[in-house]
Amino acid sequence: MARVLIVDDDPAILEILGAYLRADGHEVREASTGVQARLLLPEVDLAVLDWMLPGVSGLDVAREHRRTHPDFPLLLLSARGEEEDRLRGLDVGADDYVTKPFSPREVVARVRALLRRSGVRDVVGGAGLSVNARTREVTLDGASLTLTRLEFDLLLTLAGHPGMVWTRERLLDRVWGADDPVVERVVDVHLAGLRRKLGEDAARPRFIETVRGVGYRFRDGA
């Protein structure tokens, strides 16, 4: 399972590509503008970007993101099929280029190929902790841990982005869902339970650090 962002201002493309990618086992995020794409890119493993977007173009988003994330897999969609256009898209940082109209199955196959080449892993963690996104199994120093669904999803979210600070609001949106009527305090309650199962020392956390006044992060290099 990988986290895939689809960026297109055509709702029909978002719907059909999202359905095919979810059926292939991926977690899908969607955006319809370049501004939204910029906000969501740090949270995903791969992006499928439309060239022609309102405001900031997909080409600009690809160029900007490539400067700071040289290994991030990007697939560019475009109705512009001339060789010069394809070369331009690849030159700004896209790893692959698909012209419209396209086969959703082909896009899914190209996403799989990009993920294989980029080395996106099913297993994250470190320092004795293994979190398997596909099997939902967690081991610590070789011993299996039993986590609730929410504890696992919190751990996978944090461990999948080491060093990245997550606010309680963003964790609520990612793990509980934007429509779930819960308060931010519930994040602290579930993280406290997760930390107990990880045997964390609050003063010297091995894995999950509290960023005072902001939220939480998984220790980079843990």
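## Helices H7 and H8

In this predicted model, the axes of helix H7 (residues 168-176) and helix H8 (residues 185-198) come within 9 Å of each other and cross at roughly 75 degrees; axes here are lines fitted to C-alpha atoms, for helices over the stretch in contact, and angles run from 0 to 180 degrees between N-to-C directions. H7 and H8 are therefore roughly perpendicular to each other, a term used for angles of 65 to 115 degrees, whereas under 35 degrees counts as roughly parallel, over 145 as roughly antiparallel and the rest as oblique.

On the H7 side, Arg168, Leu171, Leu172 and Trp176 meet Val186, Val187, Asp188, His190 and Leu191 of H8, where contact means heavy atoms within 4.5 Å. By class, this contact of H7 with H8 has six nonpolar, one polar and two charged residues; Ala, Val, Leu, Ile, Met, Phe, Trp, Tyr, Cys and Pro count as nonpolar, Asp, Glu, Lys and Arg as charged, and the others, Gly among them, as polar.

## Basis of the model

Residues are numbered from 1 along each chain as its sequence is written. Because the model is predicted, local features need pLDDT of at least 70 and side-chain atom pairs count only at pLDDT 80 or more, while totals for chains, interfaces and linings use all residues; side-chain values use heavy atoms, with hydrogens and water left out.

## Overall form

The protein has eight helices and twelve strands, taken as DSSP runs numbered from the N terminus (helices being H or I with at least four residues, strands E with at least two). The C-alpha atoms fill a box of roughly 60 × 35 × 30 Å along the principal axes. With 222 residues, a compact globule would have a radius of gyration near 17 Å, and the 19 Å of the protein agrees with this; the radius is taken over C-alpha atoms, and the globule rule is 2.2 Å times the number of residues to the power 0.38.

Of the 222 residues, 48% count as buried, that is, under 20% relative accessible area, with exposed meaning over 50% and partly exposed in between (1.4 Å probe, protein chains only). Among contacts between residues at least 6 apart in sequence, 55% join residues at least 24 apart.

## Buried positions

Helix H6 (residues 149-159) is mostly covered, since ten of its eleven residues are buried, among them Glu151, Phe152, Asp153 and Leu156. The C-alpha atom of Leu156 is separated by 20 Å from that of Pro73, 83 residues away along the chain.

Pro73 lies in the loop between helix H3 (58-68) and strand S4 (74-78), and at 5% relative accessibility it counts as buried. Leaving aside neighbours within four places in sequence, Pro73 is in contact with Asp45, Leu46, Ala47, Asp95, Leu114 and Ser118.

Leu140, in strand S8 (residues 137-140), is also buried, with a relative accessible area of 11%. Beyond neighbours within four places in sequence, its contacts include Gly128, Leu129, Lys197 and Phe207; the C-alpha atoms of Leu140 and Lys197, although 57 residues apart along the chain, are separated by 9.6 Å.

## Backbone exceptions

Most residues other than glycine have a negative phi, and most peptide bonds are trans. Asp141, in the loop between S8 and strand S9 (143-145), has a positive phi near 55 degrees, and at 52% relative accessibility Asp141 counts as exposed.

A cis peptide bond, with omega of about -5 degrees, joins Lys100 and Pro101, and Pro101 is found in the loop between strand S5 (96-99) and helix H5 (104-118).
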